[in-house]
Amino acid sequence: MAAKKTKEDDAAVELTEASADTVEAKSTAPALPHHSFLSRLYTGTGAFEVVGRRKLWYGVSGAIVAIAVLSIIIRGFTFGIDFKGGTTVSMPAAGATGTVRVADVSDTFTKAVGHGPESVVIVGSGSSATVQIRSEHLTNDQTAKLRTALFDAFAPKGTDGKPSKAAISDSAVSETWGDQITKKALIALAVFLVLVGLYIMVRYERYMAISALATMVFDLSVTAGVYALVGFEVTPATVIGLLTILGFSLYDTVIVFDKVEENTHDFQHKTRRTFAEQANLAINQTFMRSINTSLISVLPILALMVVAVWLLGVGTLKDLALVQLVGIIVGTYSSIFFATPLLVTLRERTELVRTHTRRVGKRRSPGARASANETVTESADPEQASEKPEDTVEENAEPAPEATKRAPNKPAPGARPVRPTGARRPTGKRNAGKR
C-alpha cells in the first residue's frame, strides 16, 4: 500500500509540473499579429463589413438621392448656349488700360445693348485670361454695337500685343439649334441605357441586371443633382462626359459582380459562409482594385482641369473634366456601397438563399457544435478501448507453443525456390496464352 501511494504521489507531482509548464508556455506564446488598416485593405481578407451594414448605406444613398432630386426641382439646370441659345462674346482680359474687371464689362454691356448680360466671367490666368460674356440672343446690329463699345472702353490686345478690334469674337446659337442639340443628347443617353441594359441582362442573371441598372440610375441622378446644386453649366461636353462616367461606373460594377459570381458559384452546396458573407468577401477582394482604378482615373482629370481652367481657359475642357471627376467619385461609391448590397437584398428574397442561410445558421449554432463533438467522441471511444497498455499486453500474453515454427508455404532463408507443378513456363510474350 505504501509503494502504491508513493507511485500515486509521484504521478500527481509530474501532472502538476506538466500543467505548470503548459501555463508557462501559454503565457510566453507570441500574441496573434494585429494587421493594420492598410494591410487588411490590401489583402482583402473580408475585414470590412459592407453588406452586413447595408441598411446604413441605404440610408446614406437615399439621403444623397433626395438632396439631388430636390436640387434639380428647386434650382434646375444652368444650360449652356448650345442648349438654350443666345450670344457669347469673348475678348482678352489684358487691355491697353490694364486688366479688365467684371463689373466694368457688365456696365459697358448694359449701356451698349440696353439690358444686362446673363453672366460675365474671366477664365484662365496670366496672358491667356479671357473675358466671356453670355446673354440672350442679340441681333447683328446689337452685336456690332457691343463690340465697338468694348473696344473703346478696354482696347483689348491682339496676338501681336497691340489693341485690335479683331481680338473681340462673338458666336450666336439660335433656340431651334439648341432644341435639336437637346433632343440628340437625350436620344444618345436613352440608346446608351438600352444597350447597356441588354448587355447586362444577357451577361448576368436578372438580379444582377436589376442591381446594375439601378446603380446607373443612381449615378445619373446624383451627378445631375450635383450640377444643379452647385450651378455648373450643362454643355454638350457635359453630356459626353456623363456617358463616359456611366461607362466607368458600369465597368467598376461589373468587376465587383464578377467576383461575387465567382465566390457564390454552387454556394448552395457549401455551408461555410452565407450568400451575404460571400458577397461581402468579394467587395473586400476588389476594394483595392476599385480604389486604384479611381485614383488612376482622377489624376489625369485633375491635370486636365488645371490646364483647362488656370492655363488655357478652355471652357469645353473644364466642362468635360468636371463631369468626369464628379461621376468617378459617385460611381466608385455606388459600385461598392450600393450595387452589391442591393444585389444581396434581392437574392435573399429567394427561397434558395433563405434555405441556405438557415442551414449555415444551424451549422453554427452551439447545439449543432455540441452534437458534432459528441459524435466525434463516441466514434473515437472504441478505438481507445481497443488500445491497451503495452505492459498489460506483455503480462497477459501467453508464449506460443511453437514460436520458432514458420508459417506454412514460407521457404526457409537461403532455400532454393521450387517451381509449382503443372504451371506453364513463362514465354515473355504478351497474350501468349490467348489464341
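Modeller: Please keep in mind that this is a predicted model. By the rule used here, the count comes to one cavity of 30 Å³ or more, and about 30 Å³ of space lies in the largest cavity.

Colleague: How do you know how the lining of the largest cavity divides into nonpolar, polar and charged residues?

Modeller: Each residue is sorted by its type, with Gly counted among the polar ones and Lys, Glu and Arg among the charged ones. On that basis the lining of the largest cavity has one nonpolar, three polar and three charged residues.

Colleague: How much space lies in the second largest pocket, and why is it called a pocket rather than a cavity?

Modeller: About 390 Å³ of space lies in the second largest pocket. Two or more residues each come from helix 7 (175-203), helix 8 (206-230) and helix 9 (236-263). Its lining divides into 14 nonpolar, three polar and no charged residues.

Colleague: Turning to the strands, what makes the four strands an open sheet, and in which order do they stand?

Modeller: The order is 5-6-2-7, with antiparallel pairing. Strand 5 (119-123) and strand 7 (169-173) stand at the edges with a single partner strand each, so one side of each has no neighbour in the sheet. On average, neighbouring strands of this sheet are turned by 15° against each other, direction ignored.

Colleague: How do you know that strand 2 pairs with strand 6 and with strand 7?

Modeller: Pairing requires at least two bridges between two strands. Strand 2 (residues 86-92) and strand 7 have five bridges, while six bridges join strand 2 to strand 6, so both pairs meet the requirement. Ser-90 stands opposite Ser-169 in strand 7, and Thr-88 stands opposite Arg-134 in strand 6. Strand 5 is joined to strand 6 by five bridges, again antiparallel, and there Arg-134 is the bridge partner of Ser-119.

Colleague: Which helix lies across strand 2, strand 6 and strand 7?

Modeller: That is helix 6 (residues 140-154), which runs at about 25° to strand 2.

Colleague: Where does UniProt place the feature "transmembrane region", and what is the chain like over residues 209-230?

Modeller: The unreviewed UniProt entry gives residues 56-77, 185-202, 209-230, 236-257, 295-315 and 321-344. Residues 209-230 are 100% helix and 0% strand, with end C-alpha atoms 32 Å apart. Residues 321-344 are likewise 100% helix and 0% strand, and their end C-alpha atoms are 34 Å apart.

Note on methods
Residues numbered from 1 in each chain as written. Predicted model: local features only at pLDDT ≥ 70, side-chain atom pairs only at ≥ 80, totals over all residues. Heavy atoms only, no water. 1 Å grid on protein atoms, 1.4 Å probe; cavity = no way out; pocket = protein on both sides within 12 Å on 5 of 7 lines; lining within 4 Å. Points joined across faces, edges and corners; volume = space filled by probe spheres on them. UniProt positions renumbered as here; feature names shortened; annotations may be inferred. Axes fitted to C-alpha atoms, helices over the stretch in contact; angles between N-to-C directions. Contact = heavy atoms within 4.5 Å.
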